Amino acid sequence: MSAEVNVPRPGSSLHLALLSAGPARPKLQAWTRWWHEVSRIPYEVSDPSVADRKLAWWAQAVNDAFRQPPQHPLLRDLLMPNGQHDTSGVPPLDLWLQQIEGLQVLTQQTRWMDETTLVRHMKATTGSACEGAVLLGGSTQLTTQALARRAGVALRRVHILARLGQDARQGWLHIPIDVLQRHGVRAHELLNPVQAAPDDLIRALLDAWAKQAREDIQAIRQEARDLPPAERRAWRPLAVLLRLSLLLLEDLAQAGYPVLRERLVIGAWRKLWAAQRERWKA
């Protein structure tokens, strides 16, 4: 279970977000690497039973790390930053375990029956990761932490849309069945598309999914403007991620949502400039 040293990848949205973290950046980077390590397990381990055992190992390792000095380098980076075992400056244990438990669900299923179940999963996984991020950034207010959890859900919506085809080619479909039925789209039309561009029904589905994500992000950004200065400093990395997600949604809409066949990315300089502007605002 070795960690990748090049996470987050230079120039990625996560990397640009971390540049705004100030003194909290080392811990946030360690938190990001830990999240990447556990969250990729359901997708990269083909045998569900093996993936489940790996996640169970991580759950036990995290539990142990809150009682005694950890051995894994990712846990040592977070819980022993100065060589001394210290759990006071990290997200509480339940935030770690919620993410692992949410990921364990993915080892057992590749589709979702309804949107309510998916949102619950997104809150437990990406939502918990974002809440942990603002805690590491110094947040002390429940309002900021709840807003971060909502941000995690919105970011995950954009992520699901952007890599819809990429996930489908691996057998994953994260748009719930009730949403598909609402738009008259069948699962196989997304899992095995017969044409490069989405037809009218699929386009309407993707547009509605993007609209929901956009409205959620705009509402969250508006509420974040009212946070106290100290809380806004903790919020800065998420502010960058949300801004870049809005930019990606704009590009996807302009391109006609080519997500069934390719994964569209924002140009490097445009992404860098948008992230810098957001840091100046924050």
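**Exercise 1.** How do the residues of the lining of the largest pocket divide into nonpolar, polar and charged?

*Solution.* Before starting, note that this is a predicted model, where local features need pLDDT of at least 70, side-chain atom pairs count only at pLDDT 80 or more, and totals for chains, interfaces and linings use all residues. Residues are numbered from 1 along each chain as its sequence is written, and side-chain values use heavy atoms, leaving out hydrogens and water.

Step 1: find the lining. It has 48 residues, and Leu14, Trp35, His36, His159 and Arg263 lie nearest the pocket's centre (a pocket is an open set of points on a 1 Å grid over the protein atoms alone, where a 1.4 Å probe fits, with protein on both sides within 12 Å along at least five of seven lines; lining residues have an atom within 4 Å of a point).

Step 2: sort by class. The lining holds 26 nonpolar, 13 polar and 9 charged residues (Ala, Val, Leu, Ile, Met, Phe, Trp, Tyr, Cys and Pro are nonpolar; Asp, Glu, Lys and Arg charged; the others, Gly among them, polar).

Step 3: trace the helices (DSSP runs of H or I, at least four residues, numbered from the N terminus). Those supplying at least two lining residues each include H1 (13–18), H2 (25–39), H8 and H13.

**Exercise 2.** At what angle do H8 and H13 pack?

*Solution.* Step 1: H8 (residues 142–162) and H13 (residues 229–254) pack at about 25 degrees, their axes 10 Å apart (axes are lines fitted to C-alpha atoms over the stretch in contact; angles run from 0 to 180 degrees between N-to-C directions). H8 is therefore roughly parallel to H13 (under 35 degrees is roughly parallel, over 145 roughly antiparallel, 65 to 115 roughly perpendicular, the rest oblique).

Step 2: look at the contact (heavy atoms within 4.5 Å). Among the residues that meet are Leu147, Ala151 and Leu155 in H8 and Trp235, Leu238 and Leu242 in H13. The contact of H8 with H13 has 14 nonpolar, 2 polar and 1 charged residues.

**Exercise 3.** Which way does H12 run relative to H13, roughly parallel or roughly antiparallel?

*Solution.* Step 1: the axes of H12 (residues 200–224) and H13 come within 10 Å and cross at roughly 155 degrees. H12 is therefore roughly antiparallel to H13.

Step 2: this contact includes Arg203, Arg214 and Arg221 of H12, and Arg232, Trp235 and Arg243 of H13. By class, the contact of H12 with H13 has 11 nonpolar, 2 polar and 5 charged residues.
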